[in-house]
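Please keep the sequence and the model in view while reading.

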Amino acid sequence: MSRASLDKQPHEVAAMFDGVAAKYDLTNDVLSLGQARLWRKAVARAVDARAGERVLDLAAGTGTSSLPFLAAGAYVVPCDFSLGMLREGKKRHPRLPLTAGDATRLPFADGVFDAVTISFGLRNVQDTQGALREMLRVTRPGGRVVICEFSHPTWEPFRTVYSEYLMRALPPIATSVSSNPDAYVYLAESIRAWPDQPRLAARLRSAGWERPAWRNLTGGVVALHRAYKP
Ligand SMILES: C[S@@+](CC[C@H](N)C(=O)[O-])C[C@H]1O[C@@H](n2cnc3c(N)ncnc32)[C@H](O)[C@@H]1O
């Protein structure tokens with residue numbers, strides 16, 4: 001079974017997620033030690049979707065990250081480029097309008113969404129800036145983006161413990177629960193190589209988003225970045 005490398009070739013990333021799709025949600029819950037559900041609630045609060053708003057949930061995978069927006073009465077469009085993840089999502093959530101699309105070439109017109117969000121997806125996109133610009137393009141003026149992504153713990157002793165968890169504990173746990181443990185070696189490596197909180201805010205700004213701000217979750221294991229389209 002395949003795993004992506006840090007150059008994040010799109011076909012390798014899509015194939016890797018095709019391979020973990022069936023057990024993806026379960027593995028998430030186990031490896032995040034139950035935190036994933038809390039992170040999703042925090043994303044829903046940050047997006048603050050209102051009834052009738054149009055929300056794009058990019059890199060939505062099986063659609064689990066889209067459910068809070070549906071519950072809020074928004075019209076949510078989950079979009080992903082792994083057909084394996086989308087198929088699994090369709091089985092579990094037949095009501096969701098799951099859509100195939102690449103984050104760097106979105107199949108949507110300009111300015112059609114009130115909010116665009118991406119959870120644990122941006123780190124996997126080869127061309128981060130291209131994706132941030134595409135997200136800006138499909139958002140209406142004044143609309144918002146919320147990015148939920150693994151980040152860097154801010155307290156040094158915790159950062160050390162967490163780094164050990166990623167490199168030593170996570171791979172053996174993944175071996176026991178995941179259909180593709182190798183994919184979780186990529187996960188650990190890609191988290192370590194990902195920009196920290198201020199650098200991701202700077203990337204948002206250089207892609208054209210304004211007023212970027214962030215909030216740390218679980219001590220910075222995850223960060224939520226929010227910004228607005230001018
Ligand atoms: C870790 S999963 C996250 C799924 C979901 N958002 C969640 O929170 O559970 C990452 C997803 O990003 C998708 N992805 C990665 N690169 C992408 C791209 N360029 N365009 C669309 N989806 C992409 C993968 O196919 C995968 O389903």
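The shell around the ligand is made up of 11 nonpolar, eight polar and two charged residues. These assignments rest on a predicted model. Within the set of 21 residues around the ligand, those that come nearest are A59, G61, S82, A103 and S119. Helix α1, which spans residues 10-20, gives the most to this shell, with four residues.

In an unreviewed entry, UniProt lists T62, D80, D102, A103 and S119 under "binding site". A103 is found in the loop that runs between β3 and β4. Is A103 buried or exposed? It counts as buried, because 24 C-beta neighbours lie inside 10 Å, and the threshold for burial is 20 or more. Setting aside neighbours within four places in sequence, A103 is in contact with L58, A59, V125, A131 and E134. S119, by contrast, has its place in a strand, β4. S119 is buried as well, since 23 other C-beta atoms lie within 10 Å. With neighbours within four places in sequence again left aside, the contacts of S119 are V43, S65 and C148.

Strand β4 leads on to the sheet. Seven strands form an open sheet with mixed pairing, in the order β3-β2-β1-β4-β5-β7-β6. At its edges stand β3 (99-100) and β6 (210-217); each has a single partner strand, so one side of each is left without a neighbour in the sheet. In general, the strands of a sheet pair through backbone hydrogen bonds, in either a parallel or an antiparallel sense.

Strand β7 (residues 222-228) pairs with strand β5 (residues 139-150) through seven bridges, and the two run antiparallel. Along this pairing, C148 stands opposite L224 of β7, and V145 stands opposite A227 of β7. Strand β7 is also paired with β6, in the antiparallel sense, over six bridges. There, L217 has V222 in β7 as its bridge partner. The hairpin of β6 and β7 has four residues between the strands, and in this hairpin T218 takes a positive phi near 50 degrees. Strand β7 is mostly covered, six of its seven residues being buried.

In soluble globular proteins, nonpolar side chains tend to be buried together. Here the largest nonpolar core has 43 residues, of which V55, L56, L58, V116, M135, V146 and C148 touch the most other members. Two or more residues are given to this core by each of α3 (35-47), β1 (54-58), β2 (75-80), β4 (113-119), α6 (128-138), β5, α9 (197-206) and β7. As for L56, which residues does it touch, not counting those up to four places away in sequence? They are V77, C79, F113, V116 and V138.

Apart from this core lies another, of 18 residues, with A14, M16, Y24 and L187 among them.

Terms used
Residues numbered from 1 in each chain as written. Predicted model: local features only at pLDDT ≥ 70, side-chain atom pairs only at ≥ 80, totals over all residues. Pairing = 2+ DSSP bridges. Near = placed C-beta within 6 Å. Nonpolar A, V, L, I, M, F, W, Y, C, P; charged D, E, K, R; others polar. Core = buried A, V, L, I, M, F, W, Y, C linked by C-beta atoms within 7 Å. Buried ≥ 20, exposed ≤ 12 C-beta atoms within 10 Å, placed from the backbone. Contact = placed C-beta atoms within 7 Å. UniProt positions renumbered as here; feature names shortened; annotations may be inferred.
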